[in-house]
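Biologist: Could you walk me through this structure before I start on my notes? I would like to go through it one topic at a time.

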Amino acid sequence: MKKKNNILQTILGLVTIMVLIAVLQLILFFIQIQKSVLFYQNNNDKEPSFRYLTDTRNQQDKTQSTPSRSLFPRFNLDELYPNWTENASLWKLQGDTNKRYLTLGMVTAKRRNNTVYLFDTLSSLITNANGKDLLDIYIIILLSDFDEEWRKNISSTIQIKYPDEVKNGTIQIITSFHWMYPRLQNLTHHYIGHSQNKVEWKSKQNIDFVLLWLYVFKSKLSHYYLHLEDDVVTVPDYIKIMKNFVNHQKKRWTCLEFSVLGMIAKLYHTQDLDALAKMVALFYEEQPADVTFLYFNPQMLQFRRIVRKPTIFQHIGKTSSLQGKIMLAKDQFFMANFRKTLKGENPPATVLTNLKFRPEYSPENAYNTDFGYFSSEVGPKKNDYFKVVFKTPQVIQRIVVKSGLDRFPKDKFYNAVLEVSSRTDKTNDCTDYNIIGNFVNGTIDVQNFTKRANTNKTKCIQIRVLRSQKFWVIIPEISVFLKR
């Protein structure tokens, strides 16, 4: 009986403690609410500072409808200023404005010594997209500097350099105005050690991004949005590469990355831009957008970064829009860093392997003559293969196969041979392979190929693993040179 009483007393004591904790939490909650109410009451009593907007196109006085520059606790330009997207457009949209697959957005600002990278960026985006893909994208450029002469020069140069893209609505230019920004001077809640100039510059850049994202979100121009900077270059067929990467995602995602640098080449669903903009605006003074987005993604239930490697956008700018700042950052995973050194003739062929790989590291990457590489996701097992099947039999002079990279020197073939075949069975599959050489330190270079292979008509070449290994395999280059 005494034991039961002790148990009841223990339970009663625990319940009492839990009740006391709940009461204390409730009291603290009401105190916090009271403080918040007093804060907003005190701040709402103050007259907000704002700058009136004068539309430079019609010079109509907008004093009565101009909103305050208050951002906190929400940022909704539609409530502050109706139809603001029309006023933000520098020129009337031309051509087709139907919903497309992708919008590429970037902010550009004035740099010292009249340094401009924007036109190199636009040329790279346009020339590296084929005609069909180019009609499936929009390029939105926000001119964020308030210098009217600079804006006119940039916009007129774009019209001259890219008349077709302007005419069909692919390239669109928008601007921002003073009244769209919160207070940018005398900011105090920021990283220790940052100069006031850097704090103001980064805070304004945050709102530049926010305005761009809200414009794309409200305009509903596309299904996806890719954020870029105005000083980047890309690779051929970048749109096709992005589409393939999107299509291979098996799980829900918020952000896909095509560069590891900052806010370069971050892909979002357009419908998520409103939430992203609000979060960056909320912390515009505290931290840059390329930090905030790392916290935004988990809030949207994506708990790891999804980066497509090799990456397909590279930073080229050195002169920053921040006075005195030099930008030397380079993406070490950029696809063009992995250019072929030998560049064989490589006749048309099908490339096959039974090794497991991710789509961005496909077998074709090893055989193409531009850039990229193949990478397995597992260590090869005995008798695993990597095969090149030519469309028609070839007379070959030399074959070079390289495995491993400077960055991943251990990911190479340790025990493997190169085989050739000139015969096929009824299913057109190669048979009767002959070994013509062994890999040494991950590389094989077979010269006088015809003599070594004892054939003038090679249909297949095949790498075959002799012994299982724990390291993965990277093949950056397969070069085939034909006999003339």
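Biologist: Which residues of α8 meet α10?

Modeller: In this predicted model, Asn 206, Ile 207, Val 210, Trp 213, Leu 214, Val 216 and Phe 217 of α8 meet Leu 273, Asp 274, Leu 276, Ala 277, Val 280 and Ala 281 of α10.

Biologist: And how do the residues of that contact divide into nonpolar, polar and charged?

Modeller: In the contact of α8 with α10, eleven residues are nonpolar, one is polar and one is charged.

Biologist: At what angle do the axes of the two helices cross?

Modeller: The axis of α8, which covers residues 196-219, and the axis of α10, which covers residues 273-282, cross at roughly 160° and come within 9 Å. Because angles over 145 degrees count as roughly antiparallel, α8 is described as roughly antiparallel to α10.

Biologist: Left-handed or right-handed, that crossing?

Modeller: The crossing of α8 past α10 is left-handed.

Biologist: Switching to α4, why is it described as largely enclosed?

Modeller: Helix α4 runs over residues 118-127, and seven of its ten residues are buried, so the rest of the structure largely encloses it. The buried ones are Leu 118, Phe 119, Thr 121, Leu 122, Ser 124, Leu 125 and Ile 126.

Biologist: Which residues have a positive phi although they are not glycines?

Modeller: Asp 237 is one of them, with a phi of about 60°, and Leu 301 is another, with a phi of about 75°. Asp 237 sits in the loop between β5 and α9, while Leu 301 sits in the loop between α11 and β8.

Biologist: Is Leu 301 buried or exposed?

Modeller: Leu 301 counts as exposed, since its relative accessibility is 57% and the cut-off for exposed is over 50%. Asp 237, with a relative accessible area of 36%, is partly exposed.

Biologist: And what about the peptide bond from Lys 309 to Pro 310?

Modeller: That bond is cis, with omega near -5°, and Pro 310 belongs to the loop between β8 and β9.

Biologist: Last topic: where in the chain is confidence lowest, and where is it highest?

Modeller: The mean pLDDT of the protein chain is 83, and 84% of its residues reach 70 or more. Confidence is lowest in helix α1, residues 2-44, with a mean of 61, and highest in strand β7, residues 266-269, with 98. Over residues 35-74 the pLDDT is below 50, and this stretch has 47 contacts in the model beyond near neighbours in sequence.

Notes:
Residues numbered from 1 in each chain as written. Predicted model: local features only at pLDDT ≥ 70, side-chain atom pairs only at ≥ 80, totals over all residues. Heavy atoms only, no water. Buried < 20%, exposed > 50% of the residue type's maximum accessible area, 1.4 Å probe, protein only. Helix = DSSP H or I, 4+ residues; strand = E, 2+ residues; numbered from the N terminus. pLDDT = per-residue confidence, 0-100. Contact = heavy atoms within 4.5 Å. Axes fitted to C-alpha atoms, helices over the stretch in contact; angles between N-to-C directions. Parallel < 35°, antiparallel > 145°, perpendicular 65-115°, else oblique. Left-handed = near helix turned anticlockwise from the far one by under 90°. Nonpolar A, V, L, I, M, F, W, Y, C, P; charged D, E, K, R; others polar.
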